Amino acid sequence: MVAYHYPPEGGSSGVLRTLKFSKYLPEYGWQPHILTLRESFYAVRDDRLLLDIPEEVRIHRTFGIDTVRHLGFGGRHLALFAIPDRLVGWIPFAVARGLRVIRREGIDALYSTCPAPSAHLIAWLLHRVTGVPWLADYRDPWIEEGIFPKPGTLRYKFESSLEAKVIRDCTYMIATTPHLAREFANRYPHFNEERFRVIFNGYDEADFTGLNGSSWPKQFEIIHAGLLSRSYRNPFGFLEVVSELLKTGQLPADLLGVSFIGSGSWAD
């Protein structure tokens, strides 16, 4: 399982998807091996998540380079060094370790999850070398037509070709919603639609054991779980509407709460 977002990474709600897969796969006869980064790599940590990793899981942590953080200067960096993302400097180290793990442990299947797209490129290289079946999981789109990368640019052409290689070579592509799966099926109509599968995000009932509903606050809370940025899922329009409703008294301020979970550093 190739994943950047894995405990103790605490900057994205996406960490929970791979964490919970690895937690429950042993019940179905699978031995999870996680290929991820060293704990010291993560700028935002949530060490409580480490407690949810079962003993059966084997974690293989590697060195990596964040090309924005480690190769930038004065908050600026060359865009070329962050294609397809800032984790491109992790790829050679992860591929080298992944090959050793596959050969030593007799791995039966590969799984990679995006974001970050570099995880798919790692799994793609491992799959090409070893032939191990590969599931490419998309929690969010890599290419968003008309939005990112900017249409007509060299980056768009290059990253589109990389995504096409991932879709061409993966055994199955997994999406978190039917809409996202249809988007891929429409973009790549020459592939059998059976290769595009949906596994929804969910919740772990074990996380809610022992809660006493009678003690819950009476406040109504709106929660957004996921990344935000000025150009991607910008919340300003929503917040402006909420602000207007509060000013006009259509929403009671003392009964309303808005929470952003795993929204990234921009929302902080």
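Predicted model: local features only at pLDDT ≥ 70, side-chain atom pairs only at ≥ 80, totals over all residues.
So, accessible areas here come from the Shrake-Rupley method with a 1.4 Å probe. With that in hand: the protein chain has an accessible surface of about 15,400 Å², and carbon and sulfur atoms account for 58% of that.

Okay, the overall fold. We've got six helices and eight strands in the protein chain, and if you walk along the sequence the pattern goes α-β-β-α-β-α-β-α-β-α-β-β-α-β. The radius of gyration is 20 Å, close to the 18 Å from the globule rule for 268 residues, so the chain is as compact as a globular protein of that length. If you box up the C-alpha atoms along the principal axes, you get roughly 60 × 50 × 45 Å.

What about the inside? Of those 268 residues, 42% count as buried. And take the contacts between residues at least 6 apart in sequence: 70% of them join residues at least 24 apart.

Charges, quickly: 30 positive side chains, 30 negative, with the centres of the two sets 7 Å apart.

Now the residue I'd like you to zoom in on, Ser112. You'll find Ser112 in strand β3, which runs over residues 110-114. Is Ser112 buried or exposed? Its relative accessibility is 0%, so Ser112 counts as buried. Its side chain has a polar contact with the side chain of His120 at 2.7 Å, and another with the side chain of Trp134 at 2.9 Å. Setting aside neighbours within four places in sequence, Ser112 also has contacts including Val2, Ala119, Ala123, Leu135, Ala136 and Asp137.

Note on methods
Residues numbered from 1 in each chain as written. Heavy atoms only, no water. Helix = DSSP H or I, 4+ residues; strand = E, 2+ residues; numbered from the N terminus. Buried < 20%, exposed > 50% of the residue type's maximum accessible area, 1.4 Å probe, protein only. Polar contact = N/O pair within 3.5 Å; in protein donor to acceptor, adjacent residues only side chain to side chain. Contact = heavy atoms within 4.5 Å. Rg over C-alpha atoms; globule rule 2.2 N^0.38 Å. Lys, Arg positive; Asp, Glu negative; His and termini not counted. Charge placed at Lys NZ, Arg CZ, Asp CG, Glu CD.
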